[in-house]
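I opened this notebook to record what I looked up in one protein structure. The entries follow the order in which I consulted the model.

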Amino acid sequence: MKASPNAAILQLFSRLGLKFDASSGFEVRRAVIAGIPAQDISLSSQELPQDFKELIDMGIEFNACSLKQLETFGKLFNGGSCGVRFNPGQGSGGTGKTNVGGPSASFGIWHELKGAVAEIAAKYNITIKRIHTHIGSGSDPAVWQSVSALSLNLVRDFPSVHTLNLGGGYKVGRMSYEYSTDLNTVGVPVCKAFEEFAAETGRQIKLEIEPGTFLVANSGALVTAVQDIVSTGEEGHTFIKLDSGMTDVLRPSLYGAQHPIVVHNDSAETQKYIVVGHCCESGDLFSCAPGEPEVLSERLLKKAVIGDVVSIEGAGAYCAGMSTKNYNSFPEAPEVLIDTSGNFHLIRRRQTLNQIIMNEIPYVKPTDA
């Protein structure tokens with residue numbers, strides 16, 4: 001869900017039979033408001049929501065991501081059933097910021113603490129029905145195979161488990177030189193491991209995956225425009241300033257992520273540019289070096305003029321849902337969905353300034369006594 005949380009997109013995928021992984025209680029509520037059935041939502045969160053008991057009572061699925069979370073569940077739902085998210089000891093990510101497994105990641109219960117999990121489960125008569133692991137967005141096939149084996153060994157230690165969720169993070173190539181995960185390369189060995197586990201133990205374990213980015217990353221684009229072009233001389237750079245920025249797409253500034261940048265005009269000329277956003281922030285940068293958000297990297301683009309439309313491609317995942325919204329008081333951008341017939345549908349209006357400030361309360365200085 002966190003990849004692209006707009007209600008219209010959730011509803012579209014719900015009609016196709018997909019279910020949703022929520023990373024906060026607020027995401028759960030957002031999905032329910034969008035009409036997603038509670039039983040189709042699973043919560044795996046770094047922070048238990050304040051209305052946790054109410055959410056569980058609604059019928060959502062839950063994966064405890066720490067011993068404290070499992071203890072809390074047991075106190076509230078003695079005799080209940082839930083899943084447990086383990087850190088399997090390995091991870092895979094394009095950068096350290098997208099690697100969520102291994103000893104440097106706080107996500108999930110460290111695999112060596114499985115005995116403590118069993119003790120808490122026994123203390124509160126909890127049925128552990130699902131093991132959840134998630135290693136990041138690197139999708140190294142060798143790591144995937146290793147983690148699937150480690151995860152199945154965890155399943156072996158919990159006889160009540162009937163589902164293993166291996167998470168998501170399937171790498172999506174946005175640039176021409178980037179690779180995308182080959183699902184056969186990753187999936188075939190994992191399926192074989194499940195089959196071998198079933199033959200050995202007699203337990204048919206259900207496999208769950210979370211392919212959010214894989215489904216939507218290259219289905220979206222940020223449409224913006226050139227609002228200024230400036231130069232820092234022969235020894236410097238020519239900068240294209242867009243009327244958008246990290247307020248809409250944060251990934252380059254955060255990860256050094258690469259997105260195709262397309263200038264839409266009829267020019268046959270090209271020029272090298274640094275492409276930046278509209279925020280008063282040196283880190284508001286679209287054309288950074290791969291994996292280096294603070295390093296400028298020129299892009300060879302069509303020669304641009306002020307007013308040209310520019311698209312930032314590959315913006316369907318972790319862009320509208322993960323931005324520095326309202327920094328410099330820039331409003332949230334509208335979202336438009338294009339259906340298979342080419343029709344345009346407005347699915348989020350542009351935010352107004354009044355909406356930005358609506359929760360602010362003026363300070364009135366008390367009068368002196």
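The entries below go from the whole chain to single residues.

**Entry 1: the whole chain**

I noted at the outset that this is a predicted model. I looked up the secondary structure and found 10 helices and 18 strands in the chain. I then looked up the extent of the C-alpha trace, which spans about 70 × 70 × 45 Å along its principal axes. Of the 369 residues in the chain, 46% are buried. For the accessible surface I recorded about 19,100 Å², with 53% of this area belonging to carbon and sulfur atoms.

Among contacts between residues at least 6 apart in sequence, 66% join residues at least 24 apart. Turning to charge, I noted 31 positive and 39 negative side chains, and the centres of the two sets lie 5 Å apart.

The largest nonpolar core here has 54 residues, and Phe-62, Leu-70, Ile-128 and Ile-131 touch the most other members. Helix H7, residues 183–201, contributes the largest share of this core, with five residues. Apart from this core lies another one of 16 residues, including Val-249, Phe-286, Ala-304 and Ile-312.

**Entry 2: helix H4**

Which residues of helix H4 are buried? I found that Gln-69, Leu-70, Glu-71, Phe-73 and Gly-74 are buried in this helix, which runs over residues 67–76. I then looked up what covers them. The cover of the buried residues of H4 includes helix H3 (52–58), helix H5 (114–123) and the strands S3 (61–64), S4 (81–87) and S6 (127–132).

**Entry 3: Arg-130**

I located Arg-130 in strand S6. Is Arg-130 buried or exposed? Arg-130 counts as buried because its relative accessibility is 6%, and the cut-off for buried is under 20%. Its side chain makes a polar contact of 3.1 Å with the side chain of Glu-61. A polar contact of 3.1 Å also joins the side chains of Arg-130 and Asn-63. Leaving out residues up to four places away in sequence, I listed what Arg-130 touches, and among these residues are Phe-62, Cys-82, Gly-83, Val-161 and Glu-208.

**Entry 4: Pro-141**

Pro-141 lies in helix H6, residues 141–156. I recorded Pro-141 as partly exposed because its relative accessibility is 29%. Leaving aside neighbours within four places in sequence, Pro-141 is in contact with Thr-185 and Val-186. I also looked up the pair Pro-141 and Gly-187: they are 46 residues apart in sequence, and their C-alpha atoms are 8.8 Å apart in space.

**Entry 5: two asparagines with positive phi**

I looked up Asn-125, which is not a glycine and yet has a positive phi of about 55 degrees. Asn-125 lies in the loop between H5 and S6. With a relative accessible area of 54%, Asn-125 is exposed.

I then turned to Asn-326, also not a glycine, with a positive phi of about 75 degrees. Where is the place of Asn-326? I found Asn-326 in the loop between strand S16 (309–313) and strand S17 (335–338). Asn-326 counts as partly exposed, at 23% relative accessibility.

Conventions:
Residues numbered from 1 in each chain as written. Predicted model: local features only at pLDDT ≥ 70, side-chain atom pairs only at ≥ 80, totals over all residues. Heavy atoms only, no water. Core = buried A, V, L, I, M, F, W, Y, C linked by side-chain atoms within 4.5 Å. Buried < 20%, exposed > 50% of the residue type's maximum accessible area, 1.4 Å probe, protein only. Helix = DSSP H or I, 4+ residues; strand = E, 2+ residues; numbered from the N terminus. Contact = heavy atoms within 4.5 Å. Areas by Shrake-Rupley, 256 points an atom, 1.4 Å probe, with all protein chains shown as cover. Lys, Arg positive; Asp, Glu negative; His and termini not counted. Charge placed at Lys NZ, Arg CZ, Asp CG, Glu CD. Polar contact = N/O pair within 3.5 Å; in protein donor to acceptor, adjacent residues only side chain to side chain.
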